Amino acid sequence: MRQIIFLCGLGCTRSAWAEQAQDVAVLLSADRPQIWRAIWQNWSSEIAVIALALLLLGLSFVVYLWRTNRRLRHLTQLSGEAQTSLELAAAAFNSEVGMVVTDEFTRIRRANSAMATLLGYTQNELVGQSTLLLRSAAIEKGTLRAIWAEVRSHGRWQGELTCRHRDGHDVPCMVTVASVRNPAIGLHGYVGSFADISRQKKAQEEIRQLAYYDPLTLLPNRRMFLEALRTTMRTALQNGTLAGVMFIDLDHFKNLNDAHGHSVGDQLLTLMAQRLQLLVGPDDLAARLGGDEFVVMLPHLDTGEERAMAQTMLLAERIHQALLAPFELDTPSNFGIHAQALRYTCSGSIGVALFGLVDEPLTEVLKRADVAMYQSKQDGRNLIRQYDPVAQKSLNDRMALSHDLNVALHDGQLKLLYQLQVDAHDQAVGAECLLRWQHPRRGTVSPVEFIPLAEESGAIVAMGDWVMRSACITLARWACDRALCQLTLSVNVSPRQFAESDFVARVAGILAETGARPKYLRLEVTEGIVMQDTQEVIAKMSELCALGLSFSIDDFGTGYSSLSYMQMLPLAELKIDKAFVNDLTTSHRSEAIVKAIISLGHSMGIIVVSEGVETRAQKDRLLSMGCTLLQGYLIARPIECAELETLVVSRHGALVASQFSS
């Protein structure tokens, strides 16, 4: 009841307190239901206000509790994210990737140990420094400006950048720069990560070196040259300027390799490359195409063709003269050490061509330079030749002929003719097999024209085997004919054919296959074969002689004549070249040479055959000098095998060639 009185009192004013007190006293004297009814009648408005106030207070308290709980959850989430960020930052700063955190002025506020190790500093030495400390001097101007522009516009930049180590050397890095902004707390700065890519760059450089550079001379290789040529052609065409290219081929390089080994040849190629690099300009390109072939490209020449060619020819002449200066080469001894220096004089054939004013395939540019170089070799080597359309036509014809030659043997276009050899008594003692080509469109092609082609292409090996087999088949057939059984057959063997590693085995196989008697087969070789590798040649000739056949030196006196090899080689015959016989009756020098050859043959017990006998005077003079056998148009022209057999039987009767009898 006291509480009721207290609550009622709250709604009363101090002036009405006495009156209200009297009413309360009256209520207290009444029963309980009446009391509550009276209270509600007298204080209902006050009770409603109090109830509303309590309701609002309760609602406010509930809202307060809800907002407090929400804030606690948000703070808990932020705390978790912050913890995660701290853990990530700690992990990043403890990683092997270098990291720095800078302020808005790019002053380093923090650097991890990996960053310090990467550039050779301590962490304390980096803190407070500007990031300019990290920049290499090799960075091009404008690079950093472009990087910061990217960061400002996109908030991030990533790429390769060269940093500077404390000791001054450059360190290639993969760099990421990101801006950090937090307006709420006024934070503004940058975070950078630096990964050392030195190993990757080194591996890339090694791959590039292998792909684009010759490992022996360190010059650009064919692949790099072709890419540079393609770029130069495009640039020259756009600018309306000319460019030049020259092909350089070392003369007789194979002879050096054969005589002293490939290691000595490699020395020459290396020294040649060094000389080229000293001669070409900073914008020019010297490259090795392969073997002993080099190329030089001049990208920036005059717009006038004559002036551009003059500029190219000037450099070509300097290179030509540099080639002629002797090279000092180390030659190995039999004990595996360098015995002495070889002073080697080299020469080169150079072809020059221009390009740039017209749009054309890259192969056309190369073809012109190659044609010019080929013309240099055709004209005698050790020369410089400019591209000539006439030479191009000649080369095209030669290539077409070479292609036709590859099918000539298969299609039966090749045939053998035989030229008779007689002794001093005009008795037939043998014949030489002469290869002829009857082209389906060109008619008869001279051996002077197609034999060099066969040598270059390698077709001479198959052709030589065919001639050898045909001759042996003929000898086997003659063995059954009393009138022909004593005739010998001479077969020419080319240097390329003789150099084949299985040449001896192939000859032995042909003899066994055909059943020919080896004693009547004579192989004619040139002096050039002996100069390849004397010891190997002697060994191979000895193996063949052991089979029963014999050897003749063809065109004696016109090649690398040396009396030193005469005493070592198993020779049965010398053939005097036609050039000496032609002038025999008109030149004392030719007569003296022929006389010396005949005297040499007699003193060594070797048969001497004179080729190219065309007049009676030549024949009489040769016989008077003691020449053993004669061959030439005066004796008989080259004829078919059947004609030769008829001629021998009808003209000479029974053959007597006792000097060949065993």
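Visitor: Which residues does Phe498 touch, not counting residues up to four places away in sequence?

Guide: Contact here means heavy atoms within 4.5 Å. Phe498 touches Val493, Phe503, Val525, Ile529, Val537, Lys540, Met541, Leu544 and Phe551, with residues up to four places away in sequence left out. Keep in mind that this is a predicted model: local features need pLDDT of at least 70, side-chain atom pairs count only at pLDDT 80 or more, and totals for chains, interfaces and linings use all residues. Residues are numbered from 1 along each chain as its sequence is written, and side-chain values use heavy atoms, with hydrogens and water left out.

Visitor: How many residues does the largest nonpolar core have?

Guide: A nonpolar core is a set of buried Ala, Val, Leu, Ile, Met, Phe, Trp, Tyr and Cys residues joined through side-chain atoms within 4.5 Å. Buried means under 20% relative accessible area, exposed means over 50%, and partly exposed is in between (1.4 Å probe, protein chains only). The largest core has 77 residues, and Phe498, Leu544 and Phe551 are among those with the most contacts inside it. Helix α15 (residues 459-478) gives the most to this core, with ten residues. Helices (H or I, at least four residues) and strands (E, at least two) are DSSP runs, numbered from the N terminus. A second, separate core has 36 residues, including Met272 and Leu354.

Visitor: How many aromatic pairs does a search of the whole structure find?

Guide: A pair of aromatic rings is described by the distance of the centres and the angle of the planes. Rings of Phe, Tyr and Trp (its six-membered ring) pair if their centres lie within 6.5 Å; planes under 30 degrees apart count as stacked, over 60 as edge-to-face and the rest as tilted. The search finds four pairs. In one of them, Trp148 and Tyr190 have ring centres 5.0 Å apart and planes at 65°, so the pair is edge-to-face. This pair links distant parts of the chain, with Trp148 in helix α6 (residues 143-154) and Tyr190 in strand β5 (residues 187-196), 42 residues apart.

Visitor: Is Tyr190 buried or exposed?

Guide: Tyr190 is buried, at a relative accessible area of 11%, while Trp148 is partly exposed, at 25%. Back at Phe498, the pair with Phe503 is tilted: 5.6 Å centre to centre, 50° between the planes. Both of these Phe residues are buried, and together with Phe551 they form one aromatic cluster.
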